Amino acid sequence: MDANSSDVRASDARAQRPARPVLEGPDIARMLTRIAHEIVERAKGADDVVLLGIPTRGVFLAQRLAAKLEEITGRAIPVGSLDITMYRDDLRLGPARTLARTEIPADGIEGRVVLLVDDVLFSGRTIRAALDALGDIGRPRAVQLAVLVDRGHRELPIRADYVGKNLPTSLRETVKVHLTEEDGRDAVLLGVRSAAPRPGAADQTPVAERTTPAGER
């Protein structure tokens, strides 16, 4: 048995390990409560804050944050969703994507503090697309970002203002957020990627984009 065969088997064994939970429901609830208090403190009461979730799970997180903000402030916080599908820079690299919904609260975003909400921050390309989409809708006074998990490996100069958990990862690892509204449970799962990049993709696509499903970007 040579060393190369041993390395291959060890790599296969790692790839076959099931994803393990690094956060459970109570952890996620505590993080959202903390983020809500941070928003109120930073925004001095959140009077002019509008939450826009990035589909899919970012929308559910935005709705949960809005509910927690209402508990803290006693006021209903406008919440909506922002579809970024047509603003992505990887549309030509894969099959057609299904459009999600963009729902802007009745009072709009002009002159407001818009808080974008997403589940995982990785390369930063999803947020870049969200900023482009937002620019076609209106001109907010400021734009901030809240994410449940920041896994690092940024490819653009983008950072979150509010982070539930910073989770150091390798590019071979996957981070999956499960939420009750979509998946029947609340959890964050850390796994190991087994699929190889598509042939020919190396010359066209940034590293994080080649090795990461669209929902994690």
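**View 1. K44 and the end of helix α2.** Just after α2, K44 has a positive phi of about 55° in this predicted model. Helices are DSSP runs of H or I with at least four residues, strands are runs of E with at least two, and both are numbered from the N terminus. Residues are numbered from 1 along each chain as its sequence is written. In this predicted model, local features need pLDDT of at least 70, side-chain atom pairs count only at pLDDT 80 or more, and totals for chains, interfaces and linings use all residues, while side-chain values use heavy atoms, with hydrogens and water left out.

**View 2. Buried residues of helix α2.** The buried residues in α2 include I28, M31, L32, I35 and I39; buried means under 20% relative accessible area (1.4 Å probe, protein chains only).

**View 3. The largest cavity.** A cavity is a set of points on a 1 Å grid over the protein atoms alone where a 1.4 Å probe fits but cannot get out; lining residues have an atom within 4 Å of a point. The largest cavity holds about 40 Å³ of space, a volume being the space filled by probe spheres set on the points. Its lining includes L32, I35, D118 and V147. Strand β5 gives the most to this lining, with three residues.

**View 4. The side chain of R151.** R151 lies in the loop between β5 and β6 (162-166) and is buried, at a relative accessible area of 2%. Its side chain makes a polar contact of 3.0 Å with the side chain of T169. The R151 side chain also reaches the backbone oxygen of E173 at 3.0 Å. A polar contact is a pair of N or O atoms within 3.5 Å; within protein, one must be able to donate a hydrogen and the other to accept it, and residues adjacent in sequence count only if both atoms are side-chain atoms.

How values were computed. Buried means under 20% relative accessible area, exposed over 50%, partly exposed in between (1.4 Å probe, protein chains only). On a 1 Å grid over the protein atoms alone, a cavity is a set of points where a 1.4 Å probe fits but cannot get out, and a pocket is an open set with protein on both sides within 12 Å along at least five of seven lines; lining residues have an atom within 4 Å of a point.
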